[in-house]
Amino acid sequence: MKKRLLGMLAFLLVLSMSLIGCSSNSSDGGGSKGGDSAGGGTLIYGRGGDAVSLDPAIVTDGESLIIAEQVYETLVNFDKKTTKIIPGLAKKWTVSEDGLTYTFELEDGIKFHDGTDFNAEAVVKNVDRWLTSNDEAKFAYFASQFGGFKGSDTAIIKEVKADGDNKVIFTLNKPQAPFLKNLAMSPFAIASPAAIEKHVDKYGENPVGTGPFKFESWKRNDTITLVKNEDYHKKGEPKVDKLIFKVIEDNSARLNALIKGEVDLIDGLNPSDAEKVKGDKNLQLFERPSLNVGYLGFNVEKEPFNNPKVRQALSHAVNKEALIKNFYEGTAEPAKNPMPSTLQGYNDEIKDYEFDLKKAKKLLAEAGYKDGFKVDLWAMPVPRPYMPNGQKVAEALQADFEKIGVKANIVTMEWATYLEKVQAGESALFMLGWTGDNGDADNFLYTLLDKDSIGSNNYSRYANEEVHKLLLEAQAETDEAKRAELYKKAQAIIHEDAPWVPLAHSTPLLAGKSTIKNFFPHPTGSQPMGGVSIE
């Protein structure tokens, strides 16, 4: 009996291997059959937009950073389901009592994809590259997460030094409570210094890290193809041989591609399609824990939005409940603060600007705009986790604003250009959002709304001295209860100044084939795929 069973199993194994050999593993978006339960095959991930650059240090967009998660690694990592800090390229670390010195002991024997050694000197060269750049527009994340560049009054990092091959010492100018969480973020992944030196300005098209996947090719606005790092230092990873990220801009078309088997996993699922996925035995639905905000931003340096009454007026003219009902299908909650309620320090006592067109008109009249005004409303060209359909939301805002005499002309453009121009302050009224990178309030309030972040991630160019002092004090405070109170005070001031209309905190939906295993949508949105397999 056992011999017969073993014979049948052997036959089935041979048959399955022959079928795998016949499956399509091409990078042209054709159907992928995947590998066996032990791994292998090709996994195709459908998404709504392309990467801006594959150099994680110089981007802020999620489409670029999800690639970084596969190619690169950071000194410390987030747990696979939470923002708890665990070892990464550094296997352990110590922190001085005054919070000014962090000593990291590195893993031994790791190599970059180009064969060069990962060591302490490589870490120093990466950090020095960020620290000495003095280019807020190019190294926006470094500027907003670490206070600025070497020598500036606001800089968190004073210097970084190697102590032998496997020890790195960071010296800070002042303590920073979320320092480790910041280092775990994808923009601070460690790249091959040799590759950066070799490719210079073209490095963003030739990424080299230590991660589970190596870069193979990039067809702009179509596919990015990564292949298995055969020498990866984590045993048993990656599970698949090839990982392809394919751009399918329309949400419904992306779901259809999944149903037809042309892709294996998709993000940006329309909330209205959730039941369709649940009802298909060949598919499975994933929910990413909510750690985001979608918002309407005002450039406070441009008329008429340099007047807080105008900003408050438009805040009263946004019907958030209708937006969530019509475009989020119940997968979001109205936002009244720039950060989600899941973060410590959230101020729930703040009362939101209610939808009140009469009050909006009154405030406009008080501001000197009784008859309203004309303005360009910039709408995102791609679906994002915090805003499934930017164009439709823009149209709804346009209709509401017209009721108070504000005539909004909807403008859009290619995603990379959109981000670049909004960062440069070219738009007066724009739609954007943010997925939290590290689970800390600092990553929302300081990163997005502090005066130090103007030119990097503070697209509204909002500056308030009292808010600034509160946020710097919160960064240096190690008592979490005291930090929370400081953030609550800052939110109250921000709410009154209204540099944004916070719209919604969403629960992003993803879908995949039922054969996808070990995929855990991470709250930060930068999704590691090394442990994901297809049966």
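How many Å should the 13 residues of helix 12 span, and how far apart are its end C-alpha atoms? The first point below takes this up; please keep in mind throughout that this is a predicted model.

1. **Helix 12, its length.** Helix 12 covers residues 390-402. At 1.5 Å a residue, its 13 residues should span 18 Å, and the end C-alpha atoms are 18 Å apart, so expectation and model agree.

2. **Helix 12, its buried face.** Now look at which residues of helix 12 are hidden. Gly390, Val393, Ala394, Leu397, Asp400 and Phe401 are buried. Viewed down the axis of helix 12, these buried residues fall within an arc of 125°, so they line one face of the helix.

3. **A pair of helices.** Two packed helices are described by the angle between their axes and the distance between the axes. Helix 15 (residues 465-476) packs with helix 16 (residues 480-497) at an angle of about 160°, and their axes are 9 Å apart. The two helices are therefore roughly antiparallel to each other, since angles over 145 degrees count as such. The crossing of helix 15 past helix 16 is left-handed.

4. Strands of a sheet pair through backbone hydrogen bonds, either parallel or antiparallel. Here, an open sheet of seven strands has the order 8-9-10-1-11-19-12, and its pairing is mixed. Strand 8 and strand 12 (283-287) are the edge strands, and each pairs on one side only.

5. Strand 8 (residues 213-219) pairs with strand 9 (residues 223-228) in the antiparallel sense, over six bridges.

6. Another open sheet has four strands in the order 4-5-7-6, with antiparallel pairing. Strand 4 (90-95) and strand 6 (157-162) stand at the edges with a single partner strand each, so one side of each has no neighbour in the sheet. From one strand to the next, the twist averages 20°. Strand 4 pairs with strand 5 (residues 101-106) over five bridges, in the antiparallel sense; Ala90 stands opposite Leu106 in strand 5.

7. **Two backbone angles to look up.** Most residues other than glycine have a negative phi, and most peptide bonds are trans. Asn221 is not a glycine, yet its phi is positive, at about 60°. Asn221 belongs to the hairpin of strand 8 and strand 9, which has three residues between the strands. Asn518 also has a positive phi, near 60°, and is placed in the loop between strand 20 (516-517) and strand 21 (533-534). Is Asn518 buried, partly exposed or exposed? Its relative accessibility is 47%, so Asn518 counts as partly exposed.

8. **Two cis peptide bonds.** The peptide bond from Glu237 to Pro238 is cis, with omega near -5°. Pro238 is found in the loop between strand 9 and strand 10 (242-247). Glu303 and Pro304 are likewise joined by a cis peptide bond, with omega about -5°. Pro304 lies in the loop between strand 13 (292-298) and helix 9 (308-316).

Methods: Residues are numbered from 1 along each chain as its sequence is written. This is a predicted model: local features need pLDDT of at least 70, side-chain atom pairs count only at pLDDT 80 or more; totals for chains, interfaces and linings use all residues. Side-chain values use heavy atoms; hydrogens and water are left out. Two strands pair if DSSP finds at least two bridges between them. The expected span of a helix is 1.5 Å times one less than its number of residues. Buried means under 20% relative accessible area, exposed over 50%, partly exposed in between (1.4 Å probe, protein chains only). The arc is that of the directions from the helix axis to the C-beta atoms. Axes are lines fitted to C-alpha atoms, for helices over the stretch in contact, and angles run from 0 to 180 degrees between N-to-C directions. Angles under 35 degrees count as roughly parallel, over 145 as roughly antiparallel, 65 to 115 as roughly perpendicular and the rest as oblique. A crossing is left-handed if the near helix is turned anticlockwise from the far one by less than a right angle, and right-handed if clockwise.
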